[in-house]
Amino acid sequence: MLYQQWPFDVTAIHRPVHLWQGSADTFVPYAVNKPLGERMPGAVWHEVADGGHFIASSHAAEILAVVASDLAATA
């Protein structure tokens with residue numbers, strides 16, 4: 001889906017969307033993710049210095065803490 005037209009308009013997303021980007025990610029580069037985040041009004045950018053593509057594993061505790069906080073705020 002990265003290089004295709006998405007079936008929805010990302011500019012219409014107004015709730016927080018957390019985008020996590022490893023600065024050393026070679027699968028989904030910064031040049032692809034950052035412009036996407038800039039188009040979303042509610043985007044929250046999290047850059048992980050020297051992180052690769054699999055930061056969801058190495059930073060799981062931090063990511064899940066953000067998810068839990070967001071869920072608690074909407075409950």
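Tyr30 is partly exposed in this predicted model, with a relative accessible area of 40%. Its ring pairs with that of Trp45 in an edge-to-face arrangement, 5.7 Å centre to centre and with 90° between the planes. The angle is over 60 degrees, so the pair counts as edge-to-face. The two partners sit in distant parts of the chain, 15 residues apart: Tyr30 belongs to helix 1 (residues 30-39) and Trp45 to strand 2 (residues 43-48). Trp45 has a relative accessibility of 23% and counts as partly exposed.

**Aromatic pairs**

The structure holds three aromatic pairs. Among them is a tilted pair formed by Trp6 and Phe8, with 5.4 Å from centre to centre and 45° between the planes. A pair of aromatic rings is described by the distance of the centres and the angle of the planes. An angle under 30 degrees would count as stacked and one over 60 as edge-to-face, so the 45° of Trp6 and Phe8 makes the pair tilted. Trp6 is partly exposed, its relative accessible area being 25%. Phe8 is also partly exposed, at 41% relative accessibility.

**Fold**

How many helices and strands does the protein have? Its secondary structure comes to three helices and two strands. Read from the N terminus, the order of the elements is β-α-β-α-α. Strand 1 (residues 17-22) and strand 2 run parallel and are joined by six bridges. Across this pairing, Trp20 stands opposite His46 in strand 2. Together with helix 1, the two strands make a right-handed β-α-β unit. Helix 1 and strand 2 of this unit are also the elements linked by the pair of Tyr30 and Trp45.

The C-alpha trace spans about 35 × 30 × 15 Å along its principal axes. Of the 75 residues, 24% count as buried.

**Exposed positions**

Which backbone angle stands out at Asp50? Asp50 has a positive phi of about 65°, although it is not a glycine. This residue lies in the loop between strand 2 and helix 2 (55-58).

The C-alpha atom of Ser57 is separated by 16 Å from that of Val28, and the two residues are 29 apart along the chain.

A nonpolar patch on the surface is formed by Leu64, Val67 and Leu71. Together, these three residues have about 290 Å² of accessible area. One of them, Leu71, is found in helix 3 (residues 60-74). Leu71 is exposed, with a relative accessible area of 55%.

| Residue | Location | Relative accessible area |
|---|---|---|
| Leu71 | helix 3 | 55% |

How values were computed. Residues numbered from 1 in each chain as written. Predicted model: local features only at pLDDT ≥ 70, side-chain atom pairs only at ≥ 80, totals over all residues. Heavy atoms only, no water. Phe/Tyr/Trp six-rings, centres within 6.5 Å; stacked < 30°, edge-to-face > 60°. Buried < 20%, exposed > 50% of the residue type's maximum accessible area, 1.4 Å probe, protein only. Helix = DSSP H or I, 4+ residues; strand = E, 2+ residues; numbered from the N terminus. Patch = residues over 30% accessible without salt bridge, like charges linked within 9 Å, V, L, I, M, F, W, Y side chains within 5 Å. Areas by Shrake-Rupley, 256 points an atom, 1.4 Å probe, with all protein chains shown as cover. Salt bridge = Lys/Arg side-chain N within 4 Å of Asp/Glu carboxyl O. Pairing = 2+ DSSP bridges. Right-handed = clockwise from strand over helix to strand, strands pointing away.
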